[in-house]
Amino acid sequence: MAFTDLFDVLITGILRGGIYALMALGLALVFGVMNISNFAHGEFYMIGAYVAFFAIKAFGLDPIPAIVVAGLAGFVMGIVIEKGIFYSLRRRSKEEWVMNTFLVTVGLSFIIQNMAFILWGATYRGTDAYWKGTIQITPGMGVSVDRVVSFLIAIVTMAAFWLFLRRTQTGRAIRAVSQEERGATLVGINLNNIHTLTFALSCMLAGVAGGSLLSITQAYPAMGAKPLLASWLVVIMVGLGNVSGSIIGGLIVGVLEAASYYFLGAGWQNVVSLIVLILILLFKPSGLLGTEVKGVLER
Amino acid sequence: MQKMEQASSVADRTRFLSVFKSMGLSPVALVLFAVLAVAPLIVEDEYINTLMVSCLLFGAQAMAFDFTAGYINVVNFGFSGLVGLGAYTSALLAVRLGVSPWLGLVGATVVAGMVGFLVGLLTLRLRGIFAAVMAWFVGLTLMELATAMVDLTRGSLGLNVPLFLDTAARRPYYYILFPIVIGIYVLLRVVTRSDFGLACRAIGQNIDVARASGVNPTKYRVINFTISCALAGLLGGYYAHYIGILTPGVMATTHTTEVLVLSYIGGKGSIWGALVAAFLIIPIFEYLKPLMQFRLVLYGVFLVLATIVYPTGLAGLSRSIGGWFREQRRKAKQNRHKSP
């Protein structure tokens, strides 16, 4: 094993990790702001992939507009689900909120996933490479352009999102709600709107992730399971509610996966990730970068 | 003299009943169990007997699940992973070492219990949702191990497991499972009525208050979790020697969700509700089998509705019906007092 091999593993892992970071960002955001542990997050990824597929195949869109449409579809779907389900649950009772929302999202994931089976069947739907060709990174390894572009899309989206959270009035309102709900209402923030917007944005991030990876992982009803697992790994690893930490966490999980694939072969990624996670939690139960944000100690 | 005898026989009877009662076997439950005990003798149909075995198996799993979800309020989202662990333990003991399936059941229980203990030690220091997610990771990891260790488990090719008996008839299998399920039911009812169960319930309702009252949450949660996982392993072991072929698919999260839905429809923290729910829901879904995918959608819809609209489930329904009857009786009594 040469040094270049390690370098290859690192690059592959980081390229993979970009998308995980994007997914985990949405997951962490929804947990931080709304205290929902979303187990249907992978389904929005799946919907993004399907929408991108149909946008390209049926409407002949170019990749970038297709990915934008996928993100928009996620956004709309997020609004519908938040208004339809979480809003009514919130009005009914706040008791056992974390556990109830967890159960609801598990149910939602069942519904969405199996509806996709009914609507689109168990066939894989993919496209040719968005952008042809490979980039030679080291003499031994080339990476497809799609991989690199999807990573760039993830980075650009996250940067834009970060700017939105820091620089705009709405973004500040979202952060205010995540810090102190009551205080946020006192300064005149409409909680309902912020909750809906946050959920929709999180779904949008997942939709973008699904759309931009379509040429690498084909659309399939159960495709959401893997990114869901990866993003939960990230979120637990860095500590729930830590939004910016999820970016670093995504890259870590990506590298772990690439390394386990390289050293142990296929099928051991979860085992390796779990062992690392257990070690982290043994020594630091609140996660790598964990802080006691709202929600971590809430039950 | 005669009066005394009568009195003592009444006392005997109440003592007799209270023994059953302390095992959670109310007269209604005794009647229902008696019906279940003779049902396969009357119904000759193999298809229905198979269905009954599924109901028992899922119902028992849902009871074990409810023991953690309904009492210490931890959703063991890796439940099917532990069922699968038990199944593979018993199966591998039989296939690789030639251990009898009956001893395999013991092995399955012990191994699943030990893994549950370790998982509990690790995750149950964490609060609610962390524990659920960690258990989920463990379940998925177990599934991945079963898939990856092809030399041992034959992976997704499927492992052929010796059956309990040489016969393919379903009725004997029903009678193997039936005492196990009764045993699980009685065990869980006894445990949940004890001080231990009270402590668990307190932890589930408000962990800080429980801690302030001198209950060590981690200890009780770990013991509770271990029992539940051991039962999952036992049922998994039965499943392996009942079905005859094992693939890592038994550990899929989908199965956990099915068990979860049953226990929630049955009503959190009731134990019996889960078993009743299994006997109601599984036959309905069996007849919906042509609509396979819609069946799973329905599971999801049930879960969402149960959580939002009717969180107390069948147990809550029965409580409110019982309350309504008592209310009526009280009113009738009052009227009788007034009328003369």
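**Helix pair and interface**

α10(A) and α11(A) are oblique to each other, because angles under 35 degrees count as roughly parallel, over 145 as roughly antiparallel, 65 to 115 as roughly perpendicular and the rest as oblique. This is a predicted model, where local features need pLDDT of at least 70, side-chain atom pairs count only at pLDDT 80 or more, and totals for chains, interfaces and linings use all residues. Residues are numbered from 1 along each chain as its sequence is written, with chains lettered from A and ligands numbered from 1 in the order in which they are written.

The angle between α10(A) and α11(A) (residues 269-283) is about 130°, and their axes are 9 Å apart. Axes are lines fitted to C-alpha atoms, for helices over the stretch in contact, with angles from 0 to 180 degrees between N-to-C directions.

On the α10(A) side, the contact uses Val253(A), Leu256(A), Glu257(A), Ser260(A) and Tyr261(A). From α11(A) come Gln269(A), Val272(A), Ser273(A) and Val276(A). Contact here means C-beta atoms, placed from the backbone, within 7 Å.

After α10(A) comes Gly265(A), with a positive phi near 90°. Helices are DSSP runs (H or I, at least four residues), numbered from the N terminus.

Now the interface. Chain B puts 32 residues in contact with 33 residues of chain A. On the chain B side, α6 (128-148), α12 (253-266) and α14 (292-308) each supply at least two residues. α6(B) gives the most, twelve residues.

Note on methods: Contact = placed C-beta atoms within 7 Å.
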